[in-house]
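Please look at the sequence and the model below.

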Amino acid sequence: MSATSLLTGSATRSTATPATLSSGTPGTVMSRDIPAHEFRAAMASLAAPVTVVTCYDDTGSPRGLTASAVSSLSLDPPLLLVCLDRGSRTHDVLTGAAAFTVHLLGPENESLAKKFAGPTARRFEDVALATGPTSRHAPQLADSALRLTCARHDVIEAGDHTILVGRVAVADYLGRPAGGLVWHHRGFAHARPVEAR
């Protein structure tokens, strides 16, 4: 699921031929891709964290979007990745920014996730921003469970998306359990720890 199509859905971009495996010995290369609609349906079963990613543009204005394709990448150095749809209006700003912040959202943040998946010009309307040392590097949303502020480490083109790799400089824990809001089967779901038995 692309970063900006999390809540709105995105059009099928290709009509790939159904996947077939080459005959012969094990480990041979597959000759075709799975169709886009089939791949999208399969990925709907993969629960993903719901985040908001923010940065400043060249004029110092806050920019951001809702992203679900976010993952840790490396422990040493501490790296994470965010996959961004190249068709997003926020793509170029985020990939060009020197720093960005990933906000991990909880179940109480559904409206915030929807807002940052909505019209670009209205995403920061009536959204409380936090102040502090890291706010000069990237906008800091006051209402999130965890903020990870990153320096841009790498930008990698991958199909119709760009992989933005960030080197995590600051982790701000905001006094409540981080996470819990996930995107699963094309809708919000709430994750919670399994109780000890």
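Among contacts between residues at least 6 apart in sequence, 65% join residues at least 24 apart. The model in which these contacts are counted is a predicted one. Its chain has 197 residues, and 40% of them count as buried. The accessible surface of the chain comes to about 11,000 Å²; carbon and sulfur atoms contribute 55% of that area.

The secondary structure consists of three helices and ten strands. Reading along the sequence gives the pattern α-β-β-β-β-β-α-β-α-β-β-β-β.

Next come the aromatic side chains. A pair of aromatic rings is described by the distance of the centres and the angle of the planes. How many aromatic pairs does a search of the whole structure find? The search finds two.

One of them joins Phe-116 and Phe-124, with the ring centres 4.9 Å apart and 85 degrees between the planes. Planes over 60 degrees apart count as edge-to-face, and this pair is accordingly edge-to-face. Phe-116 counts as buried because its relative accessibility is 0%. Phe-124 has a relative accessible area of 18% and is also buried, since buried means under 20%.

Trp-183 and Phe-188 form an aromatic pair as well, again edge-to-face, at 5.3 Å centre to centre and with 85 degrees between the planes. Phe-188 has a relative accessible area of 22%, so Phe-188 is partly exposed.

Methods. Residues are numbered from 1 along each chain as its sequence is written. This is a predicted model: local features need pLDDT of at least 70, side-chain atom pairs count only at pLDDT 80 or more; totals for chains, interfaces and linings use all residues. Side-chain values use heavy atoms; hydrogens and water are left out. Rings of Phe, Tyr and Trp (its six-membered ring) pair if their centres lie within 6.5 Å; planes under 30 degrees apart count as stacked, over 60 as edge-to-face and the rest as tilted. Buried means under 20% relative accessible area, exposed over 50%, partly exposed in between (1.4 Å probe, protein chains only). Helices (H or I, at least four residues) and strands (E, at least two) are DSSP runs, numbered from the N terminus. Contact means heavy atoms within 4.5 Å. Accessible areas come from the Shrake-Rupley method with a 1.4 Å probe; for residues, only the protein chains shown count as cover.
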